[in-house]
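Here is a quick briefing for anyone meeting this model for the very first time. Have a look at the sequence and the fold, then read on.

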Amino acid sequence: VKEELSADELFEKKKAQLAELGMAMLEDPESNIRSLNDLLIICNDTDQRVVKLAIMSLLAVFRDIIPSYRIRQLTEKELAVEVSKEVKKTRYYEYTLIRSYK
């Protein structure tokens, strides 16, 4: 009984962690883009219930944060050009989004 209780407690803890990560991503996707990696790590859990919830959370997050425009890979010439902080931040966001999606 104690093992089942601790397993249920662990499940609830991971479920709460998934909710926190998902909410953080939806509040400010560009600042919390690294949370996608945390969600992907949780997808490799041994508990199938946790994996199912993590995949569903990832789906909801991707659906809400993927931009409506097409993200393309930058050329070497474009990467060599100096850009503003905002453009760097957007490029990092897009790169992380694509890498996590793959």
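Let's start with Arg-49 and Asp-47, whose side chains meet in a salt bridge at 3.4 Å, N to O (a salt bridge being a side-chain nitrogen of Lys or Arg within 4 Å of a carboxyl oxygen of Asp or Glu). This is a predicted model, where local features need pLDDT of at least 70 and side-chain atom pairs count only at pLDDT 80 or more, while totals for chains, interfaces and linings use all residues. Residues are numbered from 1 along each chain as its sequence is written, and side-chain values use heavy atoms, with hydrogens and water left out.

**Salt bridges**

- By the rule above, the count comes to five salt bridges.
- Asp-47 has a relative accessibility of 23%, so it counts as partly exposed (buried means under 20% relative accessible area, exposed over 50%, and partly exposed in between, with a 1.4 Å probe and protein chains only).
- Asp-8 also forms a salt bridge with Arg-49, and here the closest N and O atoms are 3.9 Å apart.
- That pair ties together distant parts of the chain: Asp-8 sits in helix H1 and Arg-49 in helix H3 (residues 48-65), 41 residues apart. Helices here are DSSP runs (H or I, at least four residues), numbered from the N terminus.
- How exposed are the two partners? Asp-8 is partly exposed because its relative accessibility is 40%, and Arg-49 is partly exposed at 40% as well.
- Glu-12 and Lys-15 make another salt bridge, at 3.6 Å from N to O.
- Glu-12 and Lys-15 are three residues apart in helix H1, so about one helical turn separates them.
- Glu-12 is partly exposed, with a relative accessible area of 42%, and Lys-15 is partly exposed too, at 36%.

**A charged patch**

- Which residues gather in a patch of negative charge on the surface? They are Glu-27, Asp-28, Glu-30 and Glu-86.
- A patch like this is made of residues with over 30% relative accessible area and no salt bridge, with like charges joined within 9 Å. Accessible areas come from the Shrake-Rupley method with a 1.4 Å probe, and for residues only the protein chains shown count as cover.
- Asp and Glu count as negative and Lys and Arg as positive, while His and the chain ends are not counted. The place of a charge is taken as NZ of Lys, CZ of Arg, CG of Asp or CD of Glu.
- Asp-28 is in the loop between helix H1 (2-27) and helix H2 (35-42), and it counts as partly exposed because its relative accessibility is 34%.

**Buried spots and distances**

- Met-25 lies in helix H1 and is buried, with a relative accessible area of 0%.
- The C-alpha atoms of Met-25 and Val-61 are separated by 7.0 Å, though the residues are 36 apart along the chain.
- Val-50 is found in helix H3 and counts as buried at 3% relative accessibility.
- Val-50 and Pro-29 are 21 residues apart in sequence and 23 Å apart in space, C-alpha to C-alpha.

**Out toward helix H4**

- Where is Ser-68? You'll find it in the loop between H3 and helix H4 (76-80).
- Ser-68 is exposed, with a relative accessible area of 83%.
- From Ser-68 to Thr-46 it is 22 residues in sequence and 34 Å in space, C-alpha to C-alpha.
- Glu-78 belongs to helix H4 and is partly exposed, at a relative accessible area of 24%.
- Glu-78 and Glu-9 are 69 residues apart along the chain, and their C-alpha atoms are separated by 50 Å.

**What the record says**

- An unreviewed UniProt entry carries the annotation "domain: Nucleolar complex-associated protein 3 N-terminal" for residues 13-102. Such positions are given in the numbering used here, feature names are shortened, and annotations may be inferred rather than shown by experiment.
- Over residues 13-102 the chain is 70% helix and 0% strand (strands being E runs of at least two residues), and the end C-alpha atoms are 27 Å apart.

Notes:
Patches are made of residues with over 30% relative accessible area and no salt bridge: like charges are joined within 9 Å, nonpolar side chains (Val, Leu, Ile, Met, Phe, Trp, Tyr) within 5 Å.
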